[in-house]
Amino acid sequence: QTTPQPTGLSPVIRKKLMGYVGFANLPNQVHRKSVRKGFQFTAMVVGESGLGKSTLINTLFNTTLYPAKEPVHPSAETPKTVAIESIGADIEENGVRLHLTVVDTPGFGDFVNNNDSWKPIVENIESRFDSYLEQENRVNRLKIVDNRVHACLYFIQPTGHSLKQIDIEFMRRLHTKVNLIPVIAKADTMTDEEIGIFKQRILSDIHHHNIHIFQAPSYDNEDEETIAENEEIASKIPFAVVGSNTSVTTPDGRKVRGRAYPWGVVEVDNEEHCDFVKLRQMLVRTNMEELREYTNDVLYENWRTEKLLGMGVAQDSTVFKEINPAARMQEERVMHEAKLAKMEAEMKMVFQQKVQEKEAKLKQSEEELYARHKEMKEALEKQRLDLEEKKRKVETGRPVTPDNKNLSTGKKRGFLRT
Ligand code: GTP
């Protein structure tokens, strides 16, 4: 059985195996390699102060990644811009290592004017793309460190109204650069009904502003169970979450992670109480690899294309030419020679220009000298004529006798009246 292929490619022939070959083991090879290498994941948390970001991250990874923060003294000087801080931790579960980096953005939304709160965050995400691109362009690319942000948890204040201007502005600016995962913070402060209505409003705002939030991709050959799981996760977006690192005792005597109130206990890991379990499932259990893949294949790729095009690097995307090293060297040589010839022509031009300037200067000073010489000559001539005139006057005033002649010469010599 053959499958038709686009012209120029050899047809694919489907064959039935006669026995065991072993490539069914390929997934296991990939699994072993991945476990050996470990995984890198970078998550960013953005939201106004006090919405429970640190608590949720600690709850998500079941570790005190974030130390408890010292309360800020009212007199302490408040920073003027959004800061970017990252914390890294190596965590291990059943022999699988995860290097987790959490990027926090303290200060977001805390100012009187929050118009530009998104700017430092976009800059940080882009500088991480920049660093990745720079590593990709190195001669030695063996040790590429991936610091790109793979997911951004955006914390929405549980107001029950709709998205605020700052939320919309942030998401509009960021959705093409990072996988956005909106979460409703401190969901235990709202009733189920309020959460339902709030979610609808948030989604319609997101839709209205054409904001793209991360959705797990669905593949044709996926099994029904995974499809149903993905659909269930998607139905919970934006996730209404509750965070807590302390365990409390429920009225029926169970020890759970949750928040105790006089009227009962909110359980973090209970799907009836909040969407924390679904968020963790998407972020860690089901879609971590997809988040990484989407960051690399779509978000980074789009940014990279835009950046390179902006720098004037063009590529014919429809025709991928086979790269022939000899032809490429020849092309480079021709380009180099053309560059040299251009440089030579430029140098010649500069030289000629300089010579012309020098000649013009010399000519000018020659003319000046000539003019001065002429002036002096004329002055001397005038002086000579004046003297001759004087002499003539003297001679005409006194008749010249031989004595007179001697007298005048004798005076000059200093032996008169002897
Ligand atoms: P900054 O560090 O200032 O940005 O705050 P943050 O967003 O990291 O908040 P943090 O985790 O420090 O929590 C602030 C307060 O909210 C703490 O007293 C938490 O105990 C409380 N808190 C955290 N999560 C929840 C939640 O889900 N529900 C309720 N009701 N309170 C919460």
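Predicted model: local features only at pLDDT ≥ 70, side-chain atom pairs only at ≥ 80, totals over all residues.

Which of the 15 residues around the ligand come nearest?

Reply: Ser-49, Gly-52, Lys-53, Ser-54 and Thr-55 come nearest, out of 15 residues around the ligand. Residues are numbered from 1 along each chain as its sequence is written.

Helix α2, residues 53-60, gives the most to the shell, with 3 residues. Helices (H or I, at least four residues) and strands (E, at least two) are DSSP runs, numbered from the N terminus.

Now for the strands, starting with β3, which covers residues 39-46. β3 belongs to an open sheet of 6 strands, in the order β4-β5-β3-β6-β7-β8 and with mixed pairing. Strands are said to pair when DSSP finds at least two bridges between them. The edges are β4 and β8 (239-240), each pairing on one side only.

On one flank, β3 pairs with β5 (residues 96-104) in the parallel sense, over 7 bridges. On the other flank, 4 bridges join β3 to β6 (residues 151-156), again running parallel. Ala-43 is a handy landmark: it stands opposite Val-102 in β5, and its bridge partner in β6 is Ala-151.

Keep going past β5 and you get to β4, residues 85-93, where the pairing is antiparallel over 9 bridges. Glu-93 stands opposite Val-96 in β5. β4 and β5 make a hairpin with 2 residues between the strands, and Asn-94 takes a positive phi near 45 degrees there.

Glu-85 is also found in β4. Glu-85 touches Asp-104 and Pro-106, leaving aside residues up to four places away in sequence. Contact here means C-beta atoms, placed from the backbone, within 7 Å. From Glu-85 to Met-44 is 41 residues in sequence but 9.7 Å in space, C-alpha to C-alpha.

There's a second open sheet to look at, with 3 strands in the order β9-β10-β11 and antiparallel pairing. β9 (247-249) and β11 (264-267) are the edge strands with a single partner each, so one side of each is left without a neighbour in the sheet. Neighbouring strands of this sheet are turned by 65 degrees against each other on average, direction ignored. That angle comes from axes fitted as lines to C-alpha atoms, for helices over the stretch in contact, with angles running from 0 to 180 degrees between N-to-C directions.

β9 is joined to β10 (residues 255-261) by 3 bridges. Among the pairs, Val-248 partners Val-256, and Ser-247 stands opposite Arg-257. Their hairpin has 5 residues between the strands, with Gly-253 in the turn at a positive phi of about 85 degrees. On the β11 side, 4 bridges do the joining, and Arg-259 has Val-266 as its bridge partner. The hairpin from β10 to β11 runs through 2 residues.

Stepping back, the protein chain comes to 10 helices and 11 strands. Buried residues make up 23% of its 418 residues. Of the contacts with a separation of 6 or more, 68% are between residues 24 or more positions apart. The chain is divided into domain 1 (27-69 + 79-310) and domain 2 (325-411), with bounds taken from an automatic or database domain assignment. Their C-alpha centres lie 83 Å apart.

One last stop is Glu-293, in helix α8 (residues 288-310). Glu-293 counts as partly exposed because it has 13 C-beta neighbours inside 10 Å. Its C-alpha atom is separated by 35 Å from that of Met-329, which is 36 residues away along the chain.

Key:
Near = placed C-beta within 6 Å. Buried ≥ 20, exposed ≤ 12 C-beta atoms within 10 Å, placed from the backbone. Contact = placed C-beta atoms within 7 Å.
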